[in-house]
Every structure is written in C-alpha cells, then in structure tokens.
Amino acid sequence: MVGGFYCVVRGKPASGQKNLIYKNKKTKKSFVVTKDATDMAWFNHVRIRASQAWGDTELMEGALELSVNYYRPYPQSFSLKKKRAALAGHVRPITRPDLDNYTKVLCDALNDIVYKDDAQIVDMNLSKRYADSFYTEILITHVEQMDVLD
C-alpha cells in the first residue's frame, strides 16, 4: 500500500491515566476498563472515526510511524497577542496530561482497525498545540526497511 492513514478526531482526548486496556484473545478486539466515562467515550469515538476514515482497507503491516498533533483550546486568560502567538505555534501547552498518556489510549483504540497491533509502531512524532477547540490529527505511515540477506 502506498500512502498511509490520516484522520481528525474532534473532542477532548482521554488521558488514559485511570484506564486498563485489555485484548480479548478469542475475538482479538481491544476494550478499555475505566472508571471515567469520558475516557471510554473518547476511546470509542476514535475507533468509530478511524473505522470511517479507513473503511474496508486491509490492516497496515510492518513497521509504522505515528505522527499525532493534540490540539487544545488556549486559556481564556490569554491576551490577544498571546492568543495569536499560541495559534501560530509560538506558545505551546506545557500542562498535564502528558503526551504519552494521551497516546497510549489512542494507539490501543487503533488496534485491529488501522493496524494489527500498536507494537508495529517504531517511530513517533507527538505534539501538543493550541487551537480554538479540542481535536486530534493522526497520521500513520510505513517505515521503509531494507531486506537484509543472511
């Protein structure tokens, strides 16, 4: 397959800090056990949105690179000058949750929809940025690997 997977998911991402993610060995489906209903809703929202974007395309195989931009609203306390700087990417969120916590839930949500298992991800590019609302951009591409003869 040439190209990759691209998807935008609207809404506040789940941090995954309270989640336990399991994979049913018989059905091969991932599911989340969580105390937080909003985390579960976002996990399912990612799965639905990814299914819509990916369609009937076969699961990606081999080594993959994941690029994710997490966008969050800038604080209302920002001045107009600081809002413009934030939207231009010159001011970035340095608040919790951590990028890795967002990404654990996201990667598990994409299992068996875009790729077989998130263990295929060998490279990641992650960022948190300001925007007018919460949304997440996801790009997954293949990593070229050389065939090495023994």
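Select proline 97 in this predicted model; Pro97 sits in the loop that runs between α2 (80–87) and α3. The peptide bond joining arginine 96 to proline 97 is cis, with omega about 0 degrees.

Next, go to aspartate 112, in the loop between α3 and β5 (121–131). Its phi is positive, near 65 degrees, and the residue is not a glycine. Most residues other than glycine have a negative phi, and most peptide bonds are trans. Is aspartate 112 buried or exposed? Aspartate 112 has a relative accessibility of 19%, and the cut-off for buried is under 20%, so aspartate 112 counts as buried.

Now show helix α1 (residues 37–54) together with helix α3 (residues 99–110). Two packed helices are described by the angle between their axes and the distance between the axes. For α1 and α3 the angle is about 45 degrees and the axes are 9 Å apart. That angle makes α1 oblique to α3. The crossing of the two helices, α1 and α3, is right-handed.

Which residues of α1 meet α3? On the α1 side, pick Trp42, Phe43, Val46, Arg47 and Ala50; on the α3 side, pick Val105, Leu106, Asp108, Ala109 and Leu110. By class, the residues of this contact comprise eight nonpolar and two charged, with no polar ones.

Move on to the largest nonpolar core, which has 26 residues. Phe5, Leu110, Val114, Tyr115 and Ile140 are the members that touch the most others. At least two residues of this core come from each of β1 (4–10), α1, β4 (64–73), α3 and β6 (135–142). The most come from α3, which gives six. In soluble globular proteins, nonpolar side chains tend to be buried together.

Centre on phenylalanine 5 and display its contacts, leaving aside neighbours within four places in sequence. Phenylalanine 5 is then in contact with Ala50, Ala53 and Trp54, with Met60 and Val114, and with Ile138, Leu139 and Ile140.

Finally, zoom out to the whole chain. How many helices and strands are there? The chain has three helices and six strands, and their order along the sequence is β-β-β-α-β-α-α-β-β. Of its 150 residues, 37% count as buried. Among contacts between residues at least 6 apart in sequence, 81% join residues at least 24 apart.

Methods: Residues numbered from 1 in each chain as written. Predicted model: local features only at pLDDT ≥ 70, side-chain atom pairs only at ≥ 80, totals over all residues. Heavy atoms only, no water. Axes fitted to C-alpha atoms, helices over the stretch in contact; angles between N-to-C directions. Helix = DSSP H or I, 4+ residues; strand = E, 2+ residues; numbered from the N terminus. Parallel < 35°, antiparallel > 145°, perpendicular 65-115°, else oblique. Left-handed = near helix turned anticlockwise from the far one by under 90°. Contact = heavy atoms within 4.5 Å. Nonpolar A, V, L, I, M, F, W, Y, C, P; charged D, E, K, R; others polar. Core = buried A, V, L, I, M, F, W, Y, C linked by side-chain atoms within 4.5 Å. Buried < 20%, exposed > 50% of the residue type's maximum accessible area, 1.4 Å probe, protein only.
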